[in-house]
Amino acid sequence: MNHAWRRWQRFAHRAAEIQSRVLLILLYFALVTPIALVIGFVKSRGASRTAMWHPVASPPESLDSAKKQF
Amino acid sequence: MNLLGISCYFHDSAAALVCDGLLTAAAEEERFSRIKHDFGFPDRAIRFCLDHRGLSGRDLDYVVFFEKPFVKFERILSTVVAAVPWSSGVFSQAMTAWLLDKLWIKNRIRERIGIPADRILFIPHHLSHAASAFFCSPFQRAAILTVDGVGEWTTTALGLGEGNSCRLTDELRFPHSLGLLYSAFTAFLGFEVNEGEYKVMGMAPYGTPCYVDKIWQVVHQASDGSFELDLDYFSFHYSTRHTYSQRFLSLFGAPRTPVTPFDNQYYADIAASIQRVTEELVLGLVNAVHAKTGSTALCMAGGVALNSVANGRILRETPIRQLYIQPSAGDGGAAAGAALYAARVLFDEPGRFTMDHAFWGEAHDGAAAVAAAASAGLPFVTYSDEESLVARAVELLVTGRVLGWSQGRFEWGPRALGNRSILADPRRADMKDIVNSKIKFREPYRPFAPSVPIGSIERYVDLPNAAEHLPARFMLLVAPVREDAQDVIPATTHVDGSARVQVVAPDTSPRYHRLITVFGEATGVPVLLNTSFNLRGEPIVNTPAEAVSTFQRCGMDALVLGETIVFKEGSHT
């Protein structure tokens, strides 16, 4: 019984991997690609590729800001 | 106040415990899991840190994570969007990793450590790096430079530390990254990214930097020290498999395969060229932070700070007079930085210390050493006094034996600094090949470091005021070996006449210092060849059992575990 259960788990894991990959690729082309096209259109006007120094946003010097994950 | 710092889910997971503002324990997860560069949640390293002080998760005031995960996630999504339609692989891989693990880090910490969610803090990645350097340094005021692959968005940052303040003021952002540039060439030269960067640095002296002009086509530096990559040559921002593009290959030719002989001159020249360009970029950044802060003291962190050749040039060629880099300057070290930032900046803890040694890991007692030797069925002798132990070890070294040397707490960071080391006589020119081929099973060109007592260092290397430079204690400075010493220690003098020297101080490494001193009394040369106690592809050993196992699987002659010397079966005890 244990052996069969382990085999089923291996199969289910692999099937789930394939399903998730298919879903993510669908999501990529259905959602990410249109967003990218819109952003690309907006950004193409006046976009800059230079990598000069940027000022650093204020660091979390308060406990509240350090509790945030963003 | 007890603060636990954590870094994980990229590479080199680690945990570090800070109590009342002082670091008390720190370790990378790989030393416990035995998976090199383990990036998983550092359960075992956390357990070690807590056990070291007899604490449980409930005794912690805060757990501090080394980056802001949502900002990093935003960077990955933005990069995917910007690289449509070539980024489907990155999207799929990143979503799987983030949706399964990384987005739930707060829950994971809460569940694994047993701490309430409101006691979990998040410090930006490069600020964690900066704090790991400045708050461990001896300086009251210092310029700060952090350089690595990428954190959230930041790849390089400049700032200033003063008292209990640690601020970053300017940054360069992804994808313009010196770490990723070096990694692209690491991959091109046939080495594993995040693992083979040292190999590129070791390979560079075999070549001449005749391709720097080509490399300056793919990266440009401005007069203010900032730089940008020409993204047409790279694919790390949209590919899961390649870091460089077809255009890169058109410029540099076919990549080296792992089986290409190391002495292929073209690839050695490429290694020399990327190393030279990296040094120039670092010097530009150092000059920029000096100009901005006016400080001649500098704290550096991030993976690029482990480039010991560039570090040596900072002291020789810039206005910087005092340099500090802590031994775990890469991502693992950011665990300590996150906790120290919380202690000093958020809670204004008064405790201040200088990290002048790297021995923050786990220690094992003499009984464990004896048990490991006995269970392996190997002959061993336990010495009751240190003088006899050291005398016997020196006798073995002088007669050309290669020793494993495991003492006290293991080192924090990637270098073995005399507590988990393989040691040999550096006077023998053939010792480099013996240790590389029969002991470490690694590439023949890889150099070894000389360990030298603090009082003898200037006899061997050209490093003025060496005793003052703490990075030299952590093998983080490469310096020229004096011309008259190159034939004296040929096994630790690299092909270009340089050495990645380790200065050994008696107060922080008393037994190791004594060993080298007695070796010097016996031979007239107080220097030992020191390399990490591991085999190719394995993490450095932690326990006596791991040391014995490694000892049995290679050509090492004897193993010193605390006060016990273990021999191979059939050899003289």
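Which residues does Ala342(B) touch, not counting residues up to four places away in sequence? Ala342(B) touches Ala66(A) of the partner chain, together with Leu3(B), Tyr62(B), Val64(B), Leu121(B), Ile123(B) and Phe347(B). The model is predicted.

**Contact between the chains**

- In the interface, 26 residues of chain A are in contact with 37 residues of chain B.
- On the chain B side, at least two residues each are supplied by α3 (69–82), α4 (88–100), β5 (120–122), β8 (165–173), β10 (227–229) and α13 (334–346).
- The largest share of that side, 7 residues, belongs to β8(B).
- Sorted by class, the side of chain B that touches chain A comprises 22 nonpolar, 6 polar and 9 charged residues.
- Strand β1 of chain A (residues 54–55) is joined to β8(B) by 2 bridges, and the two strands run antiparallel.
- Within this pairing, Glu171(B) in β8(B) is the residue opposite His54(A).

**The open sheet of chain B**

- An open sheet is formed by 5 strands of chain B in the order β3-β2-β1-β4-β5, with mixed pairing.
- Because β3 (22–28) and β5 of chain B each have a single partner strand, they stand at the edges, and one side of each is left without a neighbour in the sheet.
- From one strand to the next, the twist averages 20°.
- Strands β1 (residues 2–7) and β4 (residues 62–65) of chain B pair in the parallel sense through 4 bridges.
- One of the residues in this pairing is Ile6(B), whose bridge partner in β4(B) is Phe65(B).
- Helix α2 of chain B (residues 43–52) packs on the sheet and touches β1, β2 (14–19) and β3 of chain B, its direction making about 150° with that of β3(B).
- Helix α13(B) lies across β1, β2, β3, β4 and β5 of chain B, and runs at about 145° to β1(B).

**Nonpolar cores**

- The largest nonpolar core contains 192 residues, and Ala16(B), Ala339(B) and Ala342(B) have the most contacts inside it.
- Helix α11 of chain B (residues 265–293) contributes the largest share of this core, 13 residues.
- A second, separate core has 9 residues, among them Val32(A), Val90(B), Phe91(B) and Met95(B).

**A pair of packed helices**

- Helix α7 of chain B (residues 178–188) packs against α11(B) at an angle of about 175°, and their axes are 10 Å apart.
- The two helices are therefore roughly antiparallel, since an angle over 145 degrees counts as such.
- Leu178(B), Tyr182(B) and Phe185(B) of α7(B) meet Ile270(B), Ile274(B), Thr278(B) and Leu281(B) of α11(B).
- By class, this contact has 6 nonpolar residues, 1 polar residue and no charged residues.

**Details of the backbone**

- The peptide bond from Val84(B) to Pro85(B) is cis, with omega near 10°, and Pro85(B) is in the loop between α3 and α4 of chain B.
- A cis peptide bond also leads from Phe174(B) to Pro175(B), with omega near 10°; Pro175(B) is in the loop between β8 and α7 of chain B.
- Asp12(B), a residue other than glycine, has a positive phi near 55° and lies in the loop between β1 and β2 of chain B.
- Asp12(B) counts as buried because 25 other C-beta atoms lie within 10 Å.
- Asn465(B) is not a glycine either, yet its phi is positive at about 55°; Asn465(B) lies in the loop between α17 (457–460) and β17 (478–480) of chain B.
- Asn465(B) counts as exposed because it has 12 C-beta neighbours inside 10 Å.

Definitions and conventions: Residues numbered from 1 in each chain as written. Chains lettered and ligands numbered in written order. Predicted model: local features only at pLDDT ≥ 70, side-chain atom pairs only at ≥ 80, totals over all residues. Contact = placed C-beta atoms within 7 Å. Nonpolar A, V, L, I, M, F, W, Y, C, P; charged D, E, K, R; others polar. Pairing = 2+ DSSP bridges. Axes fitted to C-alpha atoms, helices over the stretch in contact; angles between N-to-C directions. Core = buried A, V, L, I, M, F, W, Y, C linked by C-beta atoms within 7 Å. Buried ≥ 20, exposed ≤ 12 C-beta atoms within 10 Å, placed from the backbone. Parallel < 35°, antiparallel > 145°, perpendicular 65-115°, else oblique.
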